[in-house]
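Please read them alongside the coordinates.

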Amino acid sequence: TFGGGGSQASAAASASASAAAAGASAYDAHTTRRERNLDHWDADTLAAYLGMDPDTGEPLPEASAQEPSSSSSSGGAKGGRTDAYLGHDAAVLFYAQWCQNCHALAPSWDAIATMLDAGSSRSNLIMALFDCERDTRHARLCGAAGVKHYPTVLFAGSGEFHDTDPVTKTILGGDKSAGPAGMSTLRRTVKFQGDWRYGDQVLDWIKAMRMLSGWHRLNSDGFLGTLRRGIFGLFRKGSGKAGSKGKGGSLPVGIPPSFGGATSSVAGASGSGGGGGGGVGTASYALEHQV
């Protein structure tokens with residue numbers, strides 16, 4: 001909801017427009033920022049999390065078991081980049097400024113991010129927004145990610161998701177067998193196939209995908225490795241509580257420093273990343289006034 005009534009609404013709209021204009025130089029298409037629990041991604045950040053070449057949108061080759069998951073070797077394909085899990089999950093809402101359905105979903109998306117404490121080390125989850133029609137590069141990456149309509153919600157986890165079954169895949173084809181939103185084109189991603197108008201569906205789906213990603217990490221890393229991280233996590237629990245403001249309590253904004261290769265420009269966050277409170281209107285405002 002953007003509107004209001006009377007002179008107060010006009011004054012508020014004028015103030016909002018002034019604030020948007022003042023932030024134009026900082027919040028551009030090449031800047032990643034965090035507003036409370038929601039991240040606004042640039043093209044390089046999206047490509048890093050989804051395992052795509054940032055220029056062409058082509059899927060990157062899977063990192064071998066011997067490679068460190070956070071590095072890029074200099075002699076590999078695609079300029080040495082590989083599809084590597086960055087250590088935490090991500091849920092991305094793909095939108096366009098003109099899309100009314102995107103504006104309708106925005107308050108729920110913001111509320112879910114707050115409920116899950118997205119952006120915090122404790123949650124191990126990033127929730128992001130990505131404008132598919134910001135420029136040609138954004139549009140190219142959205143097409144490569146299989147975005148065919150707005151809004152599209154995508155989850156990127158630690159391993160491959162299997163969202164098709166062999167019977168309908170044979171009869172209808174791989175894309176249609178995954179539901180009306182279509183099959184995901186990237187190895188570690190899966191599309192939301194439910195009704196975005198019901199926030200509980202979106203919330204439950206994100207929780208389920210997080211569990212699947214955690215199960216994959218358990219199988220990949222082994223029981224002892226997972227147990228060791230869990231024990232160390234108990235000692236670090238104090239720094240990862242919701243609302244903590246130190247760097248130790250927040251996940252990195254943009255491409256994590258441990259990721260080799262590309263970097264992204266990061267603007268100052270509004271509020272404390274991964275713990276900010278507030279109402280549910282910020283995402284809706286961001287979709288309307290992002291500059």
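1. Of the 291 residues of the protein, what percentage count as buried? The figure is 43%, where buried means under 20% relative accessible area, exposed means over 50%, and partly exposed lies in between (1.4 Å probe, protein chains only).

2. This is a predicted model, in which local features need pLDDT of at least 70 and side-chain atom pairs count only at pLDDT 80 or more, whereas totals for chains, interfaces and linings use all residues. Residues are numbered from 1 along each chain as its sequence is written, and side-chain values use heavy atoms, with hydrogens and water left out.

3. Confidence should be read before the details. The average pLDDT (the predictor's confidence in each residue, from 0 to 100) is 73 for the protein, and 60% of the residues score at least 70. Residues 1-29 have pLDDT below 50, and this stretch has 27 contacts in the model beyond near neighbours in sequence, a contact being heavy atoms within 4.5 Å. Residues 276-286 also stay under 50 in pLDDT, with 30 contacts beyond four places in sequence.

4. The protein has eight helices and seven strands; these are DSSP runs numbered from the N terminus, helices being H or I of at least four residues and strands E of at least two. Counting contacts between residues at least 6 apart in sequence, 74% join residues at least 24 apart.

5. Seven salt bridges are counted, each requiring a side-chain nitrogen of Lys or Arg within 4 Å of a carboxyl oxygen of Asp or Glu. One of them joins Asp44 and Arg137, at 2.6 Å from N to O. This pair links distant parts of the chain, with Asp44 in helix α2 (residues 43-50) and Arg137 in helix α4 (residues 136-144), 93 residues apart. Asp44 and Arg137 are both buried. Through salt bridges that share partners, Asp44, Asp55 and Arg137 form one network.

6. Arg34 and Asp39 form another salt bridge, at 2.5 Å from N to O. Arg34 counts as buried because its relative accessibility is 1%; Asp39 is likewise buried, at 1%.

7. Which residue does Asp195 meet in a salt bridge? The partner is Arg197, at 2.7 Å from N to O. Arg197 has 60% relative accessibility and therefore counts as exposed.
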